[in-house]
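Subject: Structure for you to look at

Dear colleague,

I am handing over the structure we spoke about, and I would be glad if you opened it before reading on. My notes on what was found in it follow below.

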Amino acid sequence: MLTLLPSLRAFSRFLSRDAALADDLVQETVMRALSKAEQFEAGTNLKAWLFCILRNFFLEQTRRRNREQEVLSDYAASPDRVTHSGPVTQERAAIRELDHFLWRLSPLLREALVLIGAQEMTYEDAALVCGVTVGTMKTRVSRARAHLQALLEGTEGGLEPSAEP
């Protein structure tokens, strides 16, 4: 479990966009996992199980406050909340631009893309984390990539919003 802490923290930072909250999410995830260790099935993917616990806890907290959409909208409107000292390099500018466009994706597409792309999970593991079928996860990732590409090329107006599977 210790080797998965950096991945858990990265995913929790993605979800919460706040370092202190991310640490709290990881801590609670570990505590819940340890208290429910008997529910983990040997031979299954520990990373997917922990990510599922983390994600469910995050959503539980967010629903409790009934603010999920408000939080995501706030971050989508101002993705440059993090301030950097020093000159802005081309690399930083590109990362900020990507971050800006990433937050313009729907939450389901953004989550799928981050689990597969950034967290390097398999489609099967990501589907398990999100509680959907593998086909649904593949569809979400495909749509996310297409939408992100359109945003980067400045052609997002041509994309038809489609129903999420």
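Leaving aside the neighbours within four places in sequence, Gln61 is in contact with Leu21 and Leu25. Please keep in mind, here and throughout, that this is a predicted model. Gln61 is found in helix H3, and although Gln61 and Leu25 are 36 residues apart in sequence, their C-alpha atoms are 9.8 Å apart in space. Gln61 counts as buried because its relative accessible area is 15%, and buried means under 20%.

Stepping back to the whole chain, you will find eight helices and zero strands. If you take the contacts between residues at least 6 apart in sequence, 58% of them join residues at least 24 apart.

Leu105, when its neighbours within four places in sequence are left aside, is in contact with Arg110, Leu113, Ala144, His147, Leu148 and Leu151.

Helix H6 (residues 107-118) and helix H8 (residues 134-153) pack at an angle of about 100°, and their axes are 8 Å apart. H6 is therefore roughly perpendicular to H8, since angles of 65 to 115 degrees count as such. On the H6 side, Leu108, Leu109, Ala112, Leu113 and Ile116 take part, and in H8 they meet Met137, Arg140, Val141, Arg143, Ala144, Arg145 and Leu148. Sorted by class, this contact of H6 with H8 has nine nonpolar, no polar and three charged residues.

Finally, which residues in H7 are buried? They are Asp125, Ala126, Ala127, Val129 and Cys130. H7 is followed by Gly131, whose phi is positive, near 70°.

Note on methods
Residues numbered from 1 in each chain as written. Predicted model: local features only at pLDDT ≥ 70, side-chain atom pairs only at ≥ 80, totals over all residues. Heavy atoms only, no water. Axes fitted to C-alpha atoms, helices over the stretch in contact; angles between N-to-C directions. Helix = DSSP H or I, 4+ residues; strand = E, 2+ residues; numbered from the N terminus. Parallel < 35°, antiparallel > 145°, perpendicular 65-115°, else oblique. Contact = heavy atoms within 4.5 Å. Nonpolar A, V, L, I, M, F, W, Y, C, P; charged D, E, K, R; others polar. Buried < 20%, exposed > 50% of the residue type's maximum accessible area, 1.4 Å probe, protein only.
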